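Reader: I am new to this structure. Please show it to me, and then tell me on what grounds the words used for it rest.

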Amino acid sequence: MGIYVKDGFFVLETENTQYVIAAEKGGAVHNLHWGKKCRIEDFDVPDGTYFLYNLRMRDCFREEYSFFGGTAYENCALKARFSDGCRELELEFSGYRLDGNCLKLFLKDRHYPLEAELSYELFDGFDIIRRSVTLTNVGNDEIVFEKLMSCELNLPGNKPYTIKNTMGNWGSECLPVETGLTGGSLVFESRRGISGHSNSPSFIAYRNADEKSGDVYFANLIWSGNFSVEASRDIRGITRVILGMNGFDFEYALKGGESFTAPAAIIGRTVGFGEMTRQLNRYGIEHHLPKYFNEAPLPVLYNSWEATAFDVSTAAQTEIAKKAAQTGCELFVMDDGWFGQRKDDHAGLGDWYVNPEKFPNGLDELIENVNALGMDFGLWFEPEMVNPDSDLFRAHPDWAYHYSTRTAHEIRNQLVLNMTMPEVQEYIFECLDVMLTKHNTKYVKWDMNRSLSETGCENLEHPREVWYRHVKAVYDIVDRLREKHPDVQFESCSSGGGRCDWGALAHFDMAWTSDNTDAIDRIKIQKNYALNRPLKTMRAWVTDRNWYNRNVPLEFKFNIAMRGALSLGGNLNKYTDGEIETCKKYVELYKKIRNTVQFGDLYRLLDLEKDEISADLYLNGDKTEGVLFIAAVNTSCIKEAETMYLDGLDDDRIYVFDYDGKRYEKSGAYLKYRGIEVIARAQYYNAVVEIKAKR
């Protein structure tokens, strides 16, 4: 692994992949190769041949970072407007700097005082590159950017790729969509102010790939706001992908002497989807998640929302906390309803003080009760929102996004606070800081339950910067709170999976995957969440929610929820003694295996849709311990058995486990290449198998 510079070539070598760039002073920056490693001496600088008489050279090149201007008509990554009205760029390579595992390429405009820095950072043991772009105004006059993307990628070869993204909704997040891009353009985006429940700020491109084979190219944008992933394939067969902040209703003004760094992206190439998942999981833990808890296993939590909803009190919460403690939960989180005049969802948002009627002796009485039961205490907040029926809105109606000539939409009876205002940011920080300082609170569930609208913000000189500045304010507040309260964990929630992107995961310890906790639906939702996000960040709940009048057994629900960060949310007051014991049994089991689940390597063995069986194998780093989850909803009557190959095991080790009444003591090679038979005829078939290597 390393970075090599020779005669205008820049060669970035990851663990198994080579990324080659060519650049000449005063010229363009080209991508020459992204794939298996080749001899550096064999690369040539593109000769600039015009493929068709009316195509400019730049349209034929695979540029590292394209810009609007001249006779280049392909999609571009950067558009700017200079103070004299010129809206074209002419960026040329001007030099580079090499700093260990980081390469920086410098470009500057031929006429205007604009400089760009393209950054490429490598990581030992990974086939991942962290890319970013920084723009600097070295003059005096303002430069306004109309499009400012983070990353441009040119996929190798000329054959079409299949592009994978998501096409979900609230309660059905992370549902996969795959599109063969034979020509034209394909866009995945959000315009909601959050990354959202539908498309994802990421892409996966492949040809003839599966879990174990085929080239897979991927990128994840580190951003939680409006985004755009723009893929195109031209007549020459060149497939380009540009991703970054959405250019819809966007601009950013750069004053003289200022710099701006666009949200970074992590890109990579692996053989097979499985290796992509495992690399991103390890990378997330080692290099991306907040360092406070990145190496700590997430606790088993209980959330009281389904049991009590808005009807919270010291007595009611203490009673349900006793049941949670019996099951072995380590963290008790009180959800909505504890603050202001919050009796339902019509009032109180923004008034972050303890309701004196519900808690006449204060909140510490409940916290002490929870702590005495051996659990930490956590609270729900929705800091970016305000109810019109609140003390905050009555005092500061101008703090919500608004236009004086328009009627604001009250989605969920709430408005969005203008997070671009310094006074709003300070108010939110102080409210949460007071709660965390005065009360022994170890967990914050930060919710965000509606998209932005009526985004009038008279405080901004350039109002279309709102989409960037709102998200940046959220990041800044969370980071300030983390610095002052390093022992507090933060969960990103947005009506479920509306903000479960790599941007949020740079500031929050985990994400609430979906409001849909139906175990069967969660198989698909969780599979695709874990495809390209760290496993430990996936909060997975066992609840009583019955979305489809299905009588799903409690044991089956645990099978699915234990594949991420296990959480409980059912009304334990209604559980029988037997059901409490079932919860206790599985919580104890999860604590034994959670290091393997949260920090291990995931191998997807069988797929519910293709094979009628869902089977996931998690292995620890040295392949000495594993846990196998097998679940089937209702296999067809003609299905005799399914051969399951236990990928990932060490060929030379002997593994021991009990499954389906049989003791197995087999080599890793046998289990990987011969496999074992799974007969899953029962409705809601469920098996959790611990696997250990013989010492």
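Author: Start with helix H7, which lies across S23, strand S26 (443–446) and strand S27 (489–492) and runs at about 150° to S26. The model is predicted, with local features needing pLDDT of at least 70 and side-chain atom pairs pLDDT 80 or more, while totals for chains, interfaces and linings use all residues. Residues are numbered from 1 along each chain as its sequence is written, and side-chain values use heavy atoms, without hydrogens or water.

Reader: What makes H7 a helix, and which residue in it can you name?

Author: Helices are DSSP runs of H or I with at least four residues, strands are runs of E with at least two, and both are numbered from the N terminus. H7 covers residues 422–438, and Pro422 belongs to it.

Reader: Is Pro422 called buried or exposed, and why?

Author: Exposed means over 50% relative accessible area, buried under 20%, and partly exposed in between (1.4 Å probe, protein chains only). Pro422 has 57% relative accessibility, so it counts as exposed.

Reader: What order do the strands of the barrel follow?

Author: The barrel closes from 8 strands in the order S21-S22-S23-S26-S27-S28-S29-S30, with parallel pairing. From one strand to the next the twist averages 30°; axes are lines fitted to C-alpha atoms (for helices over the stretch in contact), and angles run from 0 to 180 degrees between N-to-C directions.

Reader: How do you know that S21 and S30 pair?

Author: Two strands pair if DSSP finds at least two bridges between them. Strand S21 (residues 301–303) and strand S30 (residues 565–568) have 2 bridges in the parallel sense, so they meet that definition. Leu301 has Ser567 of S30 as its bridge partner.

Reader: What makes you say that helix H5 packs on this sheet?

Author: Contact means heavy atoms within 4.5 Å. Helix H5 (residues 364–372) touches strand S22 (331–334) and strand S23 (376–381), at about 135° to the direction of S23.

Reader: Why are S1 and S4 called edge strands?

Author: A second sheet is open, with 4 antiparallel strands in the order S1-S2-S3-S4. Strand S1 (2–6) and strand S4 (29–35) each have a single partner strand, so one side of each lacks a neighbour in the sheet. Neighbouring strands here are turned by 15° against each other on average, direction ignored. S1 pairs with strand S2 (residues 9–13) over 5 bridges, and Gly2 is bridged to Glu13 in S2.

Reader: What makes the largest space a pocket, and how much space lies in it?

Author: On a 1 Å grid over the protein atoms alone, a pocket is an open set of points with protein on both sides within 12 Å along at least five of seven lines, and lining residues have an atom within 4 Å of a point. The largest pocket holds about 970 Å³. It is lined by 43 residues, and the closest to its centre are Glu211, Lys527, Arg604, Asp607 and Lys610. H9 gives the most to this lining, 9 residues.

Reader: Which residues lie nearest the centre of the second largest pocket?

Author: Trp170, Arg412, Asn449, Ser495 and Asp515 do, out of 39 lining residues. Strand S13 (184–190) and helix H3 (305–308) each give two or more residues to that lining. About 780 Å³ of space lies in the second largest pocket.

Notes: 1 Å grid on protein atoms, 1.4 Å probe; cavity = no way out; pocket = protein on both sides within 12 Å on 5 of 7 lines; lining within 4 Å. Points joined across faces, edges and corners; volume = space filled by probe spheres on them.
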